Amino acid sequence: MANDEFSYIRQWTGRSAGQAGDGLVVGIGDDAAVFSVSSDKEVIACCDAMVETVHFLRETMHHTDVGYKSFISNISDIAAMGGVPRFAMVTIAKPAAWTPEECSQIYDGMYEACREYGVRIIGGDTVSAPDALHLSVTMLGEVERGMALLRSAAKPGDAVFVTGTVGGAAAGLDLLFKVKEHGTPMQYDPYWEPLVRLHQRPSAQVMAGRLLQQASGIGALNDVSDGLASELWEIAEASGVAISVERDMLPIAGLVREYAETVGKDAVDWALYGGEDYQLVGTVQGTKAEILAQMFARQGLSFSLIGKIEAGSPQVFLQAPDGSSKRLNKDGYNHFR
Ligand SMILES: Nc1ncnc2c1ncn2[C@@H]1O[C@H](COP(=O)(O)OP(=O)(O)O)[C@@H](O)[C@H]1O
Ligand SMILES: Cc1ncc(C[n+]2csc(CCOP(=O)(O)OP(=O)(O)O)c2C)c(N)n1
Ligand SMILES: [Mg+2]
Ligand SMILES: [Mg+2]
Ligand SMILES: [Mg+2]
């Protein structure tokens, strides 16, 4: 096969070609994709990139994981708006060090996410890169008109909740870095495998987002990409409120606490500042919080109430069981610090 971008596009995305339906009018193969949108819905658009050495190393992620996670981070942003993911566009910048076959494996991971979340790849761009591999994914989704869930809708009196558990992805990354330094990359005690999975194969909380979109009394919603502290700060700033969360209510998996103890690290730090958990954090009217918890339980979805919204200038506080309280900085993953 010829080594040009045209043959790469065919090789990597051939499985998307020729599909129609679902509102898709023109897919891969023309100057742009065309799709129709229904009049009772609005389009949600988001865009997240993954860059070799910043978001992954060859030693921390399989090629398929890179593709899969690039889709999860975007699907998670659609979920955080209460929407349903539909279409994706992918830009890949390939350096010489990555073979076309390796890039094809990245696409294997993307198509795996497509199957699981009902997404279709409808276009993108293929270019060369000088050194590191860059991926940029644009995700398009939909939500009922006027019903997207925003970061700016938290109100004093709301309870704060988070789905699933937090801190696990950072624990998995810590382990992967350790075995890279002191052993064979990706060869670790299988006991810790669930932590590595949380880092390499996170899930996006689309079901939870839809449940929240349809529930009553929901305030703000955000997803956890940079860490709980940073995401809570985003809600506090966008809504103009103060947030107080209880340290001992943070849902941290037992295995994460056990691993943190083993390596002398703080699991609460990973929950607050680690990131890449792709859970949803949001607020609900205090009087509706228990009903929401029961709705999640009935769907078999994990849900924790962790704090409350108060009137005041944007702040985030962490409450300890002894009643003491400390102000959290807007720390977490930051690309330029
Ligand atoms: N380079 C950019 N140009 C235009 N908009 C951007 C750019 N980078 C980020 N944004 C927008 O800024 C907002 C916050 O982005 P980001 O912090 O990456 O959110 P998230 O953590 O949910 O991915 C989003 O609305 C995003 O679309
Ligand atoms: C090799 C490596 N180093 C560090 C990290 C940790 N890390 C990289 S980006 C990131 C935050 C999420 O990525 P970002 O691009 O900020 O996504 P967004 O907030 O826009 O969704 C984290 C925790 C990693 N995954 N891999
Ligand atoms: Mg982003
Ligand atoms: Mg987000
Ligand atoms: Mg970020």
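Student: Which domains does the shell around ligand 2 draw on?
Tutor: Domain 1 (5–144) and domain 2 (151–327) each supply at least three of its residues, with bounds from an automatic or database domain assignment. This is a predicted model, where local features need pLDDT of at least 70, side-chain atom pairs count only at pLDDT 80 or more, and totals for chains, interfaces and linings use all residues. Residues are numbered from 1 along each chain as its sequence is written, while chains are lettered from A and ligands numbered from 1 in the order in which they are written.

Student: How many residues surround ligand 2?
Tutor: There are 13, each with its backbone-placed C-beta atom within 6 Å of the ligand. Glu-276 and Tyr-333 are among the closest.

Student: What does UniProt list as "binding site"?
Tutor: Its unreviewed entry gives His-55, Glu-276 and Tyr-333, though annotations may be inferred rather than shown by experiment. The three span 279 residues in sequence, yet no two of their C-alpha atoms are more than 10.8 Å apart, so they gather at one spot.

Student: Is Glu-276 buried or exposed?
Tutor: Glu-276 is buried, because 23 other C-beta atoms lie within 10 Å; the cut-off is 20 or more, with 12 or fewer for exposed and partly exposed in between.

Student: And Tyr-333, buried or partly exposed?
Tutor: Tyr-333 has 16 such atoms within 10 Å, so it is partly exposed.

Student: What does Tyr-333 touch?
Tutor: Leaving out residues up to four places away in sequence, Tyr-333 touches Asp-226, Gly-227 and Gly-275, where contact means C-beta atoms within 7 Å.

Student: What about contacts of Glu-276?
Tutor: Beyond neighbours within four places in sequence, Glu-276 contacts Ala-169, Ala-170, His-199, Pro-202 and Ser-225.

Definitions and conventions. Contact = placed C-beta atoms within 7 Å.
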